[in-house]
Amino acid sequence: MTKPQLDPDVADVAPIEPVLTAYDEQHVVTYIRLLQAEGEGADWREVARVVLHIDPELELDRARSVYQSHLARAKWLTEQGRLLRGTGSK
C-alpha cells in the first residue's frame with residue numbers, strides 16, 4: 001500500500017472497482033474522516049467543505065454528489081474491501 005496523503009483533493013467520483021485502487025490507497029485518511037464525521041452526526045455540508053474542499057454554498061449539487069460517492073466508497077472499503085478493518089490488506 002502506498003503512503004496515504006493527509007488531506008488530498010478528491011475526484012468528483014470515487015472509484016467503483018470491486019478491488020482496492022491506488023486512488024483508495026491515497027485517500028484512506030479522507031475515507032476515515034468521512035466515516036468519523038458520519039458517526040458523529042456531522043452536517044454533510046461542513047464535511048464537504050472541510051474534508052473534500054468543496055464549498056456547498058457555491059457548488060451544492062457537486063458537493064453532495066462527491067460526498068455521497070466518497071462516503072459510499074469508504075463504507076464499501078470497510079464492509080467489503082477490508083481496507084479499514086485491518087484484515088487482508090497490506
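Contact, as the word is used throughout this report, means heavy atoms within 4.5 Å. The model is a predicted one, in which local features need pLDDT of at least 70 and side-chain atom pairs count only at pLDDT 80 or more, while totals for chains, interfaces and linings use all residues. Residues are numbered from 1 along each chain as its sequence is written, and side-chain values use heavy atoms, with hydrogens and water left out.

**Overall architecture**

The protein chain has four helices and zero strands, and its elements run α-α-α-α from the N terminus on; helices (H or I, at least four residues) and strands (E, at least two) are DSSP runs, numbered from the N terminus. Of the 90 residues in the chain, 36% are buried, where buried means under 20% relative accessible area, exposed means over 50%, and partly exposed lies in between (1.4 Å probe, protein chains only). Among the contacts with a separation of 6 or more, 53% come from residues 24 or more positions apart.

Helix α2, which covers residues 28-39, has twelve residues and reaches 17 Å from its first C-alpha to its last, close to the 16 Å expected at 1.5 Å a residue; the expected span is 1.5 Å times one less than the number of residues. Within α2, the residues V28, T30, Y31, L34 and A37 are buried, and just after this helix G41 takes a positive phi of about 75 degrees.

The largest nonpolar core has 18 residues, and those with the most contacts inside it are Y31, L34, V47, L52 and Y67. Helices α2, α3 and α4 each supply at least two residues of this core, and α4 gives the most, with six residues. A nonpolar core is here a set of buried Ala, Val, Leu, Ile, Met, Phe, Trp, Tyr and Cys residues joined through side-chain atoms within 4.5 Å.

One aromatic pair is counted. W44 and Y67 form this pair, which is tilted, with 6.1 Å centre to centre and 40 degrees between the planes. Because W44 lies in helix α3 and Y67 in helix α4, the pair ties together parts that are 23 residues apart in sequence. Both W44 and Y67 are buried. The rule for such pairs takes rings of Phe, Tyr and Trp (its six-membered ring) whose centres lie within 6.5 Å, and planes under 30 degrees apart count as stacked, over 60 as edge-to-face and the rest as tilted.

**Contacts of individual residues**

| Residue | Residues in contact |
|---|---|
| H27 | P8, D9 and V10 |
| L52 | V10, T30, L34, V47, V66 and Y67 |
| A63 | W44, A48, I54 and P56 |

A63 is found in helix α4 and is buried, with a relative accessible area of 0%. The C-alpha atoms of A63 and R45, which are 18 residues apart along the chain, are separated by 7.5 Å.

**Two loop histidines**

H27 is placed in the loop between α1 (22-26) and α2, and it counts as buried because its relative accessibility is 3%. The side chain of H27 reaches the backbone oxygen of Y23 at 2.8 Å.

H53 lies in the loop between α3 (44-50) and α4 (60-81), and at 35% relative accessibility H53 counts as partly exposed. Phi of H53 is near 65 degrees, a positive value in a residue other than glycine.

Key. Polar contact = N/O pair within 3.5 Å; in protein donor to acceptor, adjacent residues only side chain to side chain. Lists of a residue's contacts leave out its neighbours within four places in sequence.
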